[in-house]
Number of protein chains: 2
Amino acid sequence: MIPNLNLVPFVSVDNMMKLVLRVGVENFIAGLAEYVEADFRRWACFDKTPRVASHSAEGVIELMPTSDGRTYGFKYVNGHPKNAREGRQTVTAFGVLSDVGTGYPVLMSEMTILTALRTAATSAVAARHLAPRDAGCMAIIGNGAQAEFQALAFKALLGIRRFRLHDIDPAATAKCVRNLAGQGVETVPCRSAEEAVAGAQIVTTATADKQRATILTDNMVGAGLHINAVGGDCPGKTELHRDILLRSDIFVEYAPQTRIEGEIQQLPADHQVTELWQVMTGAAAGRRRDAQQITLFDSVGFATEDFSALRYLRDVLAGTGLYQDLDMLADPDEPRDLFGMILRSARPAELGAAM
Amino acid sequence: MIPNLNLVPFVSVDNMMKLVLRVGVENFIAGLAEYVEADFRRWACFDKTPRVASHSAEGVIELMPTSDGRTYGFKYVNGHPKNAREGRQTVTAFGVLSDVGTGYPVLMSEMTILTALRTAATSAVAARHLAPRDAGCMAIIGNGAQAEFQALAFKALLGIRRFRLHDIDPAATAKCVRNLAGQGVETVPCRSAEEAVAGAQIVTTATADKQRATILTDNMVGAGLHINAVGGDCPGKTELHRDILLRSDIFVEYAPQTRIEGEIQQLPADHQVTELWQVMTGAAAGRRRDAQQITLFDSVGFATEDFSALRYLRDVLAGTGLYQDLDMLADPDEPRDLFGMILRSARPAELGAAM
């Protein structure tokens, strides 16, 4: 895919949209989900560094690196809740995949869209192991940027067709209903979270408030439910009442990170949780034959998922031409002659006939 | 400089070479040096994270983030000694500058060339405070990719005109002599490090071996010398005999990092060293009125220097047009409508007349 050592394929926002549409949103999420699950299943291979965060009054900028020993990846991601009020995205991201053997980047991509897809794919991958088998209806509380991706991920991976939507802003719900029209799903706008939850076997919370919120209270959570908590993902930002956590079997991506960022920051540090890879590999139970079991996926997003997304992107990108080659790596004929490369670059253009 | 929120200016290798030539190598280094020193002087403003390293058998990939509270920057850099044997650079790098207030990247650049320039600028900035006042001749031991940049930095900032060059590979020295011809300096190829050091008031070591090496032995270091040790920059990689360290006043960028990566990894963790910013702000002495004093700048490269380099680049880039706009950030009309943006992107191209 890379004709020259110095060129790095770059997937712009525009090319990402073209690629997602060409592959199909559901196919893309389903393909990505297989990479996410495959990488969770080889959990021990990964270099798991906590994310490197730079906090400010307005938000956070984070670097999320990981490596499986052959390939290295990192994501740059910001979180600035005030951005939405200024016409910017709350979260934007880009990422890089590199060859561990040479240290050379092999792919760079926008990851705002890709993160939305991988978050939804991860939710659905988790639900495949945790949701009740007969689930046909999911409530989505919080109908912002993540909502439609969640709906199509659960359609693609679990066959869910009915979605009960609620947002404190009815315009967000209307947007979601509009976007999902023609996607082969049934949407039901609901005036309250209580109403949305009624009759759903899965509840997804994907709200964006930074403050400690209580999107779900204990009385709203019936026996047998699977809760997919996507919105709480930084210190001080939670969505569920603590009592729900105490009644649930809790599943996380990487416990050390989730204890800081997830719903379980409300619980003592030794509260029992299960990492998703343990369920996938059979090392721990997920959904049991117990109609009363409440399962909770306390999702915060982990570096391996971005790594999986970049790996999938690289593979699905091949042959599409939907990338630009970035001249990002200096590549002198003689590696020790960086200075000479600069000097020689002048000759055709600036010295002209003097050559 | 950025007409649209979603576009990030990107400086390619080609544009970096054009920019450096347009500004002039010495001017570029001198300009960059002022930013490096200005940022060292406001040391307390910076968020100083140790670099985040991912080590493998063949090398290392590192992320080096920092922030001054208004601007955030990070550099991606690899170090793979074996690369040179395969026609690749041992070290390649790129970096990003972002606005802390929004988390949005505002500049992305190749940094292989920029790092070479900032390393040389930092060496010369340090020497301005540490080298003997009357220095006119510098030995450069190790004539690889960094050598010419060091020479021109010391010419630009300290007026050094004579350079005594040595490398275990005479071809590297010949390349260096060739590249420096016409740059207003005198170069003297030397057959040994001993010969190179003779008559020099400053000695720069810039070799690339990963192993613990002894480029300078104790008997080669005379009274009054300033040593600029650039090559030793990772665990296990040093260039100077331990006895030299014990006779020198040692100056470092950021002690916690240098204790791990620098020459001083050979010394006990409590050995007294001075951070460069302390000298610049007058909090500690640099070169004293003492003809016997041996000063050593144990340089490993710190994140603030890359930050300074990116800041300088952004300012010097303005108006040159020497960048491409990368469509890197998703920018929907409605921030919550990421999915709708993807759907709508299809219309002009794929639905055509159906609009």
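This is a predicted model: local features need pLDDT of at least 70, side-chain atom pairs count only at pLDDT 80 or more; totals for chains, interfaces and linings use all residues.

The questions and answers below go from the pair of chains to the domains and then to the sheets.

Colleague: Which element gives the largest share of the side of chain B that touches chain A?

Modeller: In chain B, 69 residues are in contact with chain A, and by class they divide into 33 nonpolar, 25 polar and 11 charged. The largest share of that side is 8 residues, and these come from residues 338–351 of chain B, that is, from helix α11.

Colleague: Within chain A, which helix gives the most to the side of domain 1 that touches domain 2?

Modeller: The domain assignment gives domain 1 of chain A two segments, 7–113 and 305–329, while domain 2 of chain A covers 120–301, and the C-alpha centres of these domains lie 23 Å apart. Their contact takes 18 residues from domain 1 of chain A and 21 residues from domain 2 of chain A. On the domain 1 side there are 11 nonpolar, 2 polar and 5 charged residues. The element that gives the most to that side, with 10 residues, spans residues 25–41 of chain A and is helix α2.

Colleague: How many residues lie between β3(A) and β4(A) in their hairpin?

Modeller: Strand β3 of chain A (residues 52–55) and strand β4 of chain A (residues 60–67) pair in the antiparallel sense over 4 bridges, and Val52(A) stands opposite Leu63(A) in this pairing. The two strands form a hairpin, and the number of residues between them is 4.

Colleague: Which are the edge strands of the open sheet of 8 strands in chain A?

Modeller: The pairing in this sheet is parallel, and the order of its strands is β10-β9-β8-β11-β12-β15-β13-β14. Inside that order, β8 of chain A (residues 137–141) is joined to β11 of chain A (residues 202–205) by 4 bridges, with Ile140(A) opposite Thr204(A). The strands that pair on one side only are β10 (186–189) and β14 (274–275) of chain A.

Colleague: What angle does the direction of helix α3 of chain A make with that of β15(A)?

Modeller: Helix α3 of chain A, residues 112–130, packs on the sheet and touches β11, β12, β13 and β15 of chain A. Its direction, compared with that of β15(A), makes an angle of about 160°.

Colleague: What is the handedness of the crossover from β9(A) to β10(A)?

Modeller: β9(A) and β10(A) run parallel and are joined by 4 bridges, Arg164(A) having Val188(A) as its bridge partner. Between these strands the chain passes through α5(A), a helix that packs on the sheet, touches β9 and β10 of chain A, and makes about 165° with the direction of β10(A). The β-α-β crossover is right-handed.

Colleague: Turning to chain B, which residue stands opposite Asp249(B)?

Modeller: Chain B has an open sheet of 8 strands with parallel pairing, in the order β10-β9-β8-β11-β12-β15-β13-β14. Within this sheet, strand β13 of chain B (residues 249–252) pairs in the parallel sense with strand β15 of chain B (residues 295–298) over 3 bridges. The residue of β15(B) that stands opposite Asp249(B) is Thr295(B).

Notes:
Residues are numbered from 1 along each chain as its sequence is written. Chains are lettered from A and ligands numbered from 1 in the order in which they are written. Two residues are in contact if their C-beta atoms, placed from the backbone, lie within 7 Å. Ala, Val, Leu, Ile, Met, Phe, Trp, Tyr, Cys and Pro count as nonpolar, Asp, Glu, Lys and Arg as charged, and the others, Gly among them, as polar. Domain bounds come from an automatic or database domain assignment. Two strands pair if DSSP finds at least two bridges between them. Axes are lines fitted to C-alpha atoms, for helices over the stretch in contact, and angles run from 0 to 180 degrees between N-to-C directions. A crossover is right-handed if, with the strands pointing away from the viewer, the path from the first strand over the helix to the second runs clockwise.
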